[in-house]
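Please look over the sequence and the structure shown here. The paragraphs that follow lead through the model step by step.

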Amino acid sequence: MEPVRKQIVYDDHQQPVQVLISFKDWQRIEQALGASDEPNAKELMQFYGKVDFGGDPLKVQRQMRAEWPA
């Protein structure tokens with residue numbers, strides 16, 4: 001793989017916060033990784049279904065929100 005030309009962006013404390021690369025390099029990286037903008041249906045199937053909280057969903061939601069710090 002060809003080297004990627006990059007520009008590192010630093011914050012006020014000289015800590016790296018971002019890396020800028022050309023769009024052409026980004027496309028090469030995505031192609032090499034086999035990346036796609038569309039999620040694979042098989043990957044999404046792990047989230048298929050419903051969550052059973054064992055009770056009235058509205059009561060469970062209110063109870064969970066009551067536990068949140070104010």
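**Val-4 and its surroundings**

Apart from neighbours within four places in sequence, Val-4 is in contact with Ile-21, Asp-25, Arg-28 and Ile-29, where contact means heavy atoms within 4.5 Å. The model is a predicted one, in which local features need pLDDT of at least 70 and side-chain atom pairs count only at pLDDT 80 or more, while totals for chains, interfaces and linings use all residues. Residues are numbered from 1 along each chain as its sequence is written, and side-chain values use heavy atoms, with hydrogens and water left out.

Val-4 belongs to the segment before strand 1; helices (H or I, at least four residues) and strands (E, at least two) are DSSP runs, numbered from the N terminus. With a relative accessibility of 27%, Val-4 counts as partly exposed. On this scale buried means under 20% relative accessible area, exposed means over 50%, and partly exposed lies in between (1.4 Å probe, protein chains only). Val-4 and Lys-24 are 20 residues apart in sequence, yet their C-alpha atoms are 9.8 Å apart in space.

Strand 1 and strand 2 run antiparallel and are joined by five bridges; two strands pair if DSSP finds at least two bridges between them. Within this pairing, Lys-6 stands opposite Ile-21 of strand 2. The hairpin that the two strands form has five residues between the strands.

Gln-14 lies in the loop between strand 1 and strand 2, and its relative accessibility of 56% makes it exposed. Most residues other than glycine have a negative phi. His-13 is found in the loop between strand 1 and strand 2 (16-21), and is exposed, with a relative accessible area of 64%.

Strand 1 covers residues 6-10 and includes Ile-8, which is partly exposed at 36% relative accessibility. Ile-8, Tyr-10 and Val-19 make a nonpolar surface patch of about 280 Å². Patches are made of residues with over 30% relative accessible area and no salt bridge, like charges being joined within 9 Å and nonpolar side chains (Val, Leu, Ile, Met, Phe, Trp, Tyr) within 5 Å. The accessible areas come from the Shrake-Rupley method with a 1.4 Å probe, and for residues only the protein chains shown count as cover.

**Asp-25 in the helix**

Helix 1 spans residues 23-33 and holds Asp-25. Is Asp-25 buried or exposed? Asp-25 is buried, with a relative accessible area of 3%. Not counting residues up to four places away in sequence, Asp-25 touches Val-4 and Arg-5. A polar atom of the Asp-25 side chain lies 3.5 Å from the backbone nitrogen of Arg-5. His-13, by contrast, is 12 residues from Asp-25 in sequence and 28 Å from it in space, C-alpha to C-alpha.

A search of the whole structure finds one salt bridge, a term for a side-chain nitrogen of Lys or Arg within 4 Å of a carboxyl oxygen of Asp or Glu. The side chains of Arg-28 and Asp-25 meet in a salt bridge, at 2.7 Å from N to O. Because Arg-28 and Asp-25 are three residues apart in helix 1, they are separated by about one helical turn. Arg-28 is partly exposed, with a relative accessible area of 22%, whereas Asp-25, at 3%, counts as buried.

Note on methods
Polar contact = N/O pair within 3.5 Å; in protein donor to acceptor, adjacent residues only side chain to side chain.
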